[in-house]
Amino acid sequence: MNSVVCIKRVPETAEATLKIDPANRKLEVDNLVFGINEADNYALEQALLLEEEFGGEVIVVSVGPPETDEIIRMALAKGAGRAIRISPENLSELDPYSIAKLIAHELEDEEYDLIFTGCQASDDGFSQVGVALAELLGIQHLSMAVKMETEEESATVNRELEGGLMAQYKLNFPAVITIQTGLNEPRYASILGIKRAGSKEIRVVEPGSWNEKMVELNKLSFPPPGKMAEIFQGSPAETAEKVCEVLKTKGLL
Amino acid sequence: MDFNLTDDQKLLQKMVRDFAEKEMREKAVEIDESREFPFDTLKKMASLGLMGMVVPEEYHGVGMDFVSVAIAVEEISRVCASTGVIVAVQNTLAEYPIVAFGTEEQKKKYLPDMATGKKIGCICLTEPNAGSDVAGFETVAVDNGDHWVLNGAKRFITNGTASDVFITFAYTDREKRHKGMDVFIVDKDSPGLSVGKHENLMGIRATGNCEVIYDNCIVPKENLLGPKSEGFKTAMKILDVSRIDIGAQAVGIAQSALDEAVKYSRERVQFGVPICTFQMIQDMLAQMATKIEAARLLVRQSAFMKDAGIPRFSLQSSMGKYYASEIAVECARMSLQIHGGVGYTKDYPIERIYRDAKILEIYEGTTQVQKIVIARSLLK
């Protein structure tokens, strides 16, 4: 079973102090640490698990600058067979549709049963590349998978819905599945895997300037702060009572 | 001159950093309290190759260079100093002696299980009356025809309570002092071997540090390690290498002190502003960061020299161990000072880091012993 995994290098923003570069409508990234997008890490793990069970090959694809090789090499160290990095000149201007189109173009000559992506990128949050890719390739897709059982030519996939509902689908290959975090337990690369990664191929594709975008970023900003926290005054017993009151009204007690 | 890590070393650093952060951070607090040897964590590490870094692949290790080992030990120690030294001892004090001095039979017998973490190892040199005076120990080995008989007691043996393989130094001829010393590989189940008091240490508390007792301990003839009567030379060669990793452990501990200081000084507000805006706090942060970089360079340089086969690496590893240990203690002190009162409680990691750091100036050759080694090389 051959799988393609689309991965993205993103800045780790959860606990960082962020600044916006107003002129360029983007984050100042000089002081940020970059890594693989979290959901993509689960997507990669799913592909590696299938390769262990069914054999075949895992091919990693990423659209990004040369620095993307850091996360690509780690994916190769974990067990992916080879990689394709697509580096267009106008990378920062690309929208999800353009990225999906670039990937679709590169996959024309590849043989695959499944394409995995993370369900969402933590930097731009579009959740669209996987879905657009499936449309462009004319194959089935399911998004936000939380559980997956795979057979030779099909998979049963669970999607979690609001209100605690679980929806289960069956789909035949080839297909695109976008993966939620928590679906599996991503492995660490072993040292032997790291030693072997250096000899694996990273094919670099440079399509030049690419302009197929459908949406354009207008502005990046921090939303104005909401209502400030309320500070309760009084003795510990009184304030505890007030806190309990609030928790009760919010349905938490 | 190239200060860049290789692609492999960068990947290793990232992998170990992620692993330590996710798998060890909470555990570090627990095992400091309980003194429990972290078998679970070590098992996971073994599956990644971290328990067999200096062992060649043919003996089921992963055969990494010493710069890589230093990187791994630094990253582990940044999160858990106990686990950092456990891994350092396993790799460079238990496996490396067999890799460097073992016979083919010894390598085949011991290295595969050690490199894959099935067996834990330790080195037994220090005794109650022999600390800095390394050659002053009293344990003896007597040739009894088809086996050796060992008698004596070792102290402060890191990994001791958990060990299966005890690399043991003993005199075969005490009259000859340095020239009558030998090294033995002693199995846990050898008749007459026992583990004594489990030390209740101030820091690095989960390292299974204990006494090891040899009471007419029977050791097979073929378990003599290295050339006969050259135990002292062997010990010095082993310590030259292990100092690199203790230096790396020190850099990791110092870095953790700085990490905590930066984090806390940004959060803590006094006089209406975060305390990191005060110049006296900034002075301490800048000193810590600069000293850590200097120590890291010195330690990595000694590892680089070892990898490149430059004999002078042993002097460099003394300098690295001495300097990194001192600045680790200093960084822990400054970081705790930045924390103020809460730093003196168990609510923040810095009190553990402060306790963990102190051992660095004592074990693996005290600061004073390192200075003697360094000064002697100048006055030769």
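Predicted model: local features only at pLDDT ≥ 70, side-chain atom pairs only at ≥ 80, totals over all residues.
Colleague: What area is buried between chain B and chain A?

Modeller: First, the general idea. The size of an interface is often given as the accessible area lost when the parts come together. Here that area is about 1,500 Å². Carbon and sulfur atoms give 64% of it. On chain B, three residues lead: B:L11, B:L48 and B:E57 supply 35% of the area that chain B buries against chain A, more than any other three residues.

Colleague: How many residues does each chain bring to the contact?

Modeller: Chain B brings 21 residues and chain A brings 14 residues.

Colleague: How many salt bridges are there between chain B and chain A?

Modeller: There are three salt bridges. One of them joins the side chains of B:E57 and A:K195, at 3.1 Å from N to O.

Colleague: Which element gives the most to the side of chain B that touches chain A?

Modeller: That is α1(B), with 10 residues. By class, this side of chain B has nine nonpolar, four polar and eight charged residues.

Colleague: Now the rings. How is a pair of aromatic rings described?

Modeller: By the distance of the centres and the angle of the planes. Take B:F66 and B:Y96. Their centres are 5.8 Å apart and their planes are at 85°, so the pair is edge-to-face. B:F66 lies in helix α3 and B:Y96 in helix α4 of chain B, 30 residues apart.

Colleague: Is B:F66 buried or exposed?

Modeller: B:F66 is buried, at 9% relative accessibility. B:Y96 is buried too, with a relative accessible area of 11%.

Colleague: What about the rings of B:F37 and B:F39?

Modeller: Their centres are 5.0 Å apart and their planes are at 55°, so this pair is tilted. B:F37 is buried at 7% relative accessibility, whereas B:F39 is partly exposed at 45%.

Note on methods:
Residues numbered from 1 in each chain as written. Chains lettered and ligands numbered in written order. Heavy atoms only, no water. Contact = heavy atoms within 4.5 Å. Buried area = accessible area lost by both parts, 1.4 Å probe. Salt bridge = Lys/Arg side-chain N within 4 Å of Asp/Glu carboxyl O. Helix = DSSP H or I, 4+ residues; strand = E, 2+ residues; numbered from the N terminus. Nonpolar A, V, L, I, M, F, W, Y, C, P; charged D, E, K, R; others polar. Phe/Tyr/Trp six-rings, centres within 6.5 Å; stacked < 30°, edge-to-face > 60°. Buried < 20%, exposed > 50% of the residue type's maximum accessible area, 1.4 Å probe, protein only.
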